[in-house]
Amino acid sequence: MQPASKVWVGLDTAAVSSAACVIDDQGQVLDRFTAPTIASDLHAALSNVFGGRIAAIGLEACSTSLHLAKGLRALGYRVALYDCSQVKRFPSIRRSKPDVN
């Protein structure tokens, strides 16, 4: 039996809720959902479906994401914060960025 592959999570955070997009190692979207911008709520949503398969969580470094990143790290996740100016260039390399928040 082959072990389950790792997945990566991107979060688009806002004050009240965050949009999540989960991809596999081939870049295929496995899931999209919205959850409250609270580490424990995101953990519950992610762990129910993906368990220990999450390789990393990425999000923009902004006022709504700093506290969330700290909470997710405390729950054992590897979290990467990206400068907003770096993330802003993403649409120019991808044809579409379905920005939910």
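**View A. Gly76 after helix 2.** In this predicted model, where local features need pLDDT of at least 70, side-chain atom pairs count only at pLDDT 80 or more, and totals for chains, interfaces and linings use all residues, Gly76 follows helix 2 and has a positive phi near 100°. Helices (H or I, at least four residues) and strands (E, at least two) are DSSP runs numbered from the N terminus. Residues are numbered from 1 along each chain as its sequence is written, and side-chain values use heavy atoms, with hydrogens and water left out.

View B. Leu68, Ala69 and Leu72 are the buried residues of helix 2 (buried: under 20% relative accessible area; exposed: over 50%; partly exposed: in between; 1.4 Å probe, protein chains only). They line one face of the helix, because they fall within an arc of 100° seen down its axis (the arc is that of the directions from the helix axis to the C-beta atoms). His67, Lys70 and Ala74 are exposed on the other side.

**View C. Surroundings of Leu72.** Beyond its neighbours within four places in sequence, Leu72 is in contact with Leu11, Ala39, Leu42, Ile57, Tyr77 and Val79 (contact: heavy atoms within 4.5 Å). The cover over the buried residues of helix 2 includes strand 1, strand 2, helix 1, strand 4 and strand 5 (79–82).

View D. Ile23 stands opposite Val29 in strand 3. Four residues lie between the two strands, and Gly27 in the turn has a positive phi of about 85°.

Conventions: Two strands pair if DSSP finds at least two bridges between them.
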